[in-house]
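These are my notebook entries on a set of chains that I went through element by element. I set down what I looked up, in the order in which I looked.

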Amino acid sequence: MSSSLSSTPRATTWAPQPLRSFLKGGRLVAIVTLLAVAWSAIQAGLFRGDLINVGGWALVRQFFAAALRPELSPDFLLLTLEATLVTFAYAISGLALSLVIGFVGGLLSSEVWWLSRRPHRQSPTATLGSPWLIARSALAVPRAIHEAIWGLFLVRILGLDPLVAILALGLPFGAITAKVFSEILDETPRDALHALLNGGAPPARAMLYGLLPRALPNLTSYSFYRLECAIRSATVLGVIGAGGLGYQILLSLQSLRYQEMWTLMAALLVLSGLTDWLSAHIRHALGAPTRLDVNLGADCAAEAAVRARATSGSRALAVLLAAAAVLTPLSLWYVQPDLGKLFAPRTTMLLGDMLRQMFPPDLSPANVVTLFSLSAQTLAMSVFAIALAGLFGILLAYPAAHPARRARGAMLAYSAVRVFLLFCRAIPAPVWALLILFVMFPGPLPGALAIAVHNLGILGRLIAEAVENADKRPAAALRHAGASSAQAFLYGTLPITLPQSLAYIFYRWEIGMRETVIVGFVGAGGLGRLLTEQLSSFDYGGVTATLIALLILTFIVDLLSTAARRAIR
Amino acid sequence: MFRPSKIGFALALCASAALAACAAPPPAARQAAQPQTFVISAIPDQDPEKLNRLYGKVSDYLKEQLGVQVVYKPVTDYAAVVNAFRTGDVDMVWFGGLTGVQARLQVDGAQAIIQRDIDANFHSVFIANAAAGIQPFDDISGLTALKGRTFTFGSESSTSGRLMPQFFMNKAGVALSDLKGEPGFSGSHDKTIKLVEAGTYEAGVLNEQVWKSRLAAGEVDTNKVIVIWRTPAYYDYHWVVRPDVEQKFGAGFIQRVKQAFLALDAANPAHKEILDLFGAQKFIETKNENYADIEAVARQIGKIK
Amino acid sequence: MSTRAPGIHSAIPTAIFELKGVTVRYGALAALQDVSLRIEAGERVALIGPSGAGKSTLLGVLNGSVAPTGGEVRLLGRDVARLSARALRQVQRQIGTVYQQFNLTPNLSVIHNVNAGHLGRWSLAKAAFSLVIPLERETAARALENVGIADKLYERTSHLSGGQQQRVAIARVLVQDPVAILADEPISSIDPERSREIMTLLRELCDRLNKTLVVSLHALEYAYSHCDRIIGLREGRVLFDLPVGQVTPAMVETLYRIRA
């Protein structure tokens, strides 16, 4: 991983290395990306007639008017509190499971673990062997499937039980966390570990003293980022029936009770905002200011352990561990999953039953043709959505970065944009889709817009953070040399942050691809809509075929995204 | 960076979460179903609040009549109810015509037992926004007026809000592609009324009984939304019960459930409340064979494979 | 400091390290070529040579972390090619290494880094428990006293100076209590004034505790002043291997001469 994408201050010339390497490596990516966006806009139906349903504006007006009069009756506030706690408890329980899976899976799929088990790890012939490969591949499939789909399947096997939401969140999150944890472990300096291994310490013990303490700040920091994600996902799972804020928002929306909806959305905003804020502060204390390092092995990540301020860092860790020790059992008690169901014979029977119904997949020629055209539509949705989110995300990220000088105008813009971004990302994509469907006909475009709005909130914040962490010296030097702030921005700030911003955008594309399914559930287009029809028709052969198409699509997008991120490095 | 005040804040957060958690007992604990509880559910075709009120009363009535614990379990979508019935999470469900068939196909021995008087002779109504200028008509061929209009169904799996209307539209030669834009799926009958009333869609279709009840309650602005056509009759809603309830609650249990519904009498004020919420005069017996036509239609448009 | 596995102790013949025609190749690059040497118990050996001569690789072979691509390596009399991973670890416990970059865990307290010397003997549970409540504090304190920083027991390691960190690393080796101590450029990352102190400390400890010492060095003066025997390496080959008194300036010049 080149240092060019890290936030380590390094570039000192005004034409920084990142831009040059970006232009060199990125030209192909840039052209391909532009073509893909143009194609996606056409595919998503941007230029087709009958897009806007003018009849819906009245409802939209009503919806926004209701924002001024949220439902504040004591009964409803109590219900809102309860729903908020349910969502929070699901998020914590699911996260706890995912961290366990992530830690074990992360170890087993890391290079350093398997190398540590080899007697001559520094030898020229040392290799990783097949267990590593097996662990890596075993984690790829759960990662590719969206939490909501996990939910729909688990509910068939486990029935209506809170366990479903916890597993639906924990399994895919666990696989994602495992991948990132393994990367963090592999990037952590190994000198101390090797010293201990060379002195004859067994691998697990050597890692405990030589590697894990050093990786811990980064592992913790990433776990907190996952908590933010877990709250958003718990809300989405609520929409598909797990209860909590997402469910209540859906109910209010279905009965067109907007005042209630605004109260619930305010609760979601507070919950999500508090988590984001807490997470940012804790990360800072741990010396890992980057929320999410998508650039595989940026050297800034490896140094977090050294950078962390000793006292605040270890105190923060102690508080976190205590909080986790209290919150996890409390959350589990609150949602009351029936763990016995995991081992019940009925579960095994239903699982077998479901698998029998799912195979063979419906690969009849007619269905395959449908799948191809819907796959193209789904891909277009994801490309168009992320292109839109990325464009506006970059534009909004600069006012959203904390201004260096606390001028009043800048602070005002900063706060306004931050709240707007929080609003965008706190509302789950399916709820955005339902709102957009008031004024647009069902189809891929409203779905793409919903994904775009939700991801705008996430991308804007991630990019703003990159801007905050970027080296400020080039821009300052330009300003001192008499450049206007716009010029200083164009030549000083933008070139440094652009490659990282693009890396984030490509990364979110992978997520956006997975989200196409859940906006499909509420009637937006693509494979998600087909899946909804098939599920409501109990056509499981068809469901399997659609899932296969989705998996292939997801893997392709992941590959392209990784390749693109590598090229612009 | 991490000053004591922030630690204090974090602790306060945990503490308040803990307190709030104690204040509100876990929702699951409140509904914890004992093994010998008769669990009923219903397809979520109307406002969830109305369903809760209605089935709360039904549960109380059945509990009194049958002498066993009865609990209503709300479910969020049509397919989820069918699935819960299949897995045995619920014992008896108020299904629509289509979902009832789908459910029975997945549970051997499940029986359609009871329905309202109106369900044996059920209708859907096509409605339109008054400003759209679609005139009411009597003959099925009048449905061609929907061509080039925006249109919404109810839920994907609704019999009266989707299956039968789509069947009649096909019969009249109106394909979904003839509509303006893609057809909407509002999710429920109530939402269909509201969307058409607001003009989001120029026309829509829903279950006649819901329409009548909302009309009677004065919840519909008839200046804005009008009925344009009433479909021919078909069989719709009915209670479907799992065969294993007789093992759980004793032989003859299904017969006792039937009796409980048949005993509902409009002359009794307590009974009348339930009947009114159902929009019925009385309950009648029904049987699986009544739904052969629905099954055929569903196979034709691909809702049953 | 205690418990040396008796089995290995008795298995030690005279040679601690014995290499016969050892070659290590990384692809096309030969890091060591046909190296044969024998180091007896109680010797103080300096490895010298220009960068890339193979000093670190040789030390890697001596502590068992690098397997030779050719030749025979005997550590404490055991042929490493025939050892299982577990048996190799048993041997490695008897060989302690000090590194140029200290190789400590910077965000752990000193006591944990010192206690890491116990890991070959401690169970996983005991090791984990000790991270919460440090165990065997006295042993650790004594080791720190031996290296002259008794007051730093609970200090965060990254807060110490380079010289102090190297002392922590030596204390870790003392707790490990090996038969031989290897040191890979132990003073290259340390202030010149502190270098002599560290070298003297290493030498004294080895004398007092009766341990064999093999140290690679850039600064020749310490090879002369602190060791008894000097091995000159160049391009992976042993150029000379002589007692200190027999190494001539001409030999050293040949060793470091830039290749024409």
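**Entry 1: one alanine**

I began with A:Ala376, which counts as partly exposed because its relative accessibility is 21%. For this class I used relative accessible area with a 1.4 Å probe and protein chains only: buried is under 20%, exposed is over 50%, and partly exposed is in between. The model is predicted, so I noted that local features need pLDDT of at least 70 and side-chain atom pairs pLDDT 80 or more, while totals for chains, interfaces and linings use all residues. I also noted that residues are numbered from 1 along each chain as its sequence is written, that chains are lettered from A and ligands numbered from 1 in the order written, and that side-chain values use heavy atoms, without hydrogens and water.

I placed A:Ala376 in helix H17 of chain A, residues 365–400. Helices here are DSSP runs of H or I with at least four residues, strands are runs of E with at least two, and both are numbered from the N terminus. Which residues does A:Ala376 contact, leaving aside its neighbours within four places in sequence? I found A:Trp39 and A:Gln43, where contact means heavy atoms within 4.5 Å. I then looked up A:Gly526, which is 150 residues from A:Ala376 in sequence and 8.3 Å from it in space, C-alpha to C-alpha.

**Entry 2: aromatic rings**

I took rings of Phe, Tyr and Trp (its six-membered ring) as a pair if their centres lie within 6.5 Å; planes under 30 degrees apart are stacked, over 60 edge-to-face, and the rest tilted. Because A:Phe63 lies in helix H2 (residues 57–65) of chain A and A:Tyr258 in helix H12 (residues 258–285) of chain A, the pair ties together parts that are 195 residues apart in sequence. Are these two residues buried or exposed? I found both A:Phe63 and A:Tyr258 buried.

In chain B I noted one aromatic cluster, whose members include B:Tyr55, B:Trp94, B:Phe122 and B:Trp239.

I also looked for charges over rings, with NZ of Lys or CZ of Arg within 6 Å of the ring centre and within 35 degrees of the ring normal. The charged end of A:Arg226 sits over the ring of A:Phe173, at 4.3 Å from the ring centre.

**Entry 3: chain B**

I recorded 12 helices and 11 strands in chain B. Of its 305 residues, 54% are buried. Among contacts between residues at least 6 apart in sequence in chain B, 78% join residues at least 24 apart.

I traced an open sheet of 5 strands in chain B, with the order E7-E6-E8-E5-E9 and mixed pairing; strands pair if DSSP finds at least two bridges between them. Strand E7 (184–185) and strand E9 (225–230) of chain B are at the edges with a single partner strand each, so each has one side without a neighbour in the sheet. Strands E5 (residues 124–129) and E8 (residues 203–207) of chain B pair in the antiparallel sense over 5 bridges. Within E8(B), I found B:Gly204 as the bridge partner of B:Ile127.

**Entry 4: chain C**

I counted 10 helices and 10 strands in chain C. Buried residues are 55% of its 260 residues.

Strands E1 (residues 15–26) and E2 (residues 29–40) of chain C run antiparallel and are joined by 8 bridges. In this pairing C:Val22 stands opposite C:Val35 of E2(C). I noted that E1(C) and E2(C) form a hairpin with 2 residues between them, and that C:Gly27 in the turn has a positive phi of about 60°.

I then followed an open sheet of 6 strands in chain C, ordered E6-E7-E8-E3-E9-E10 with mixed pairing. Strand E6 (95–98) and strand E10 (237–243) of chain C have a single partner strand each, so one side of each is left without a neighbour in the sheet. Strand E9 (residues 229–234) of chain C runs antiparallel to E10(C), with 6 bridges joining them. My last entry is the bridge partner of C:Gly232 in E10(C), which is C:Phe240.
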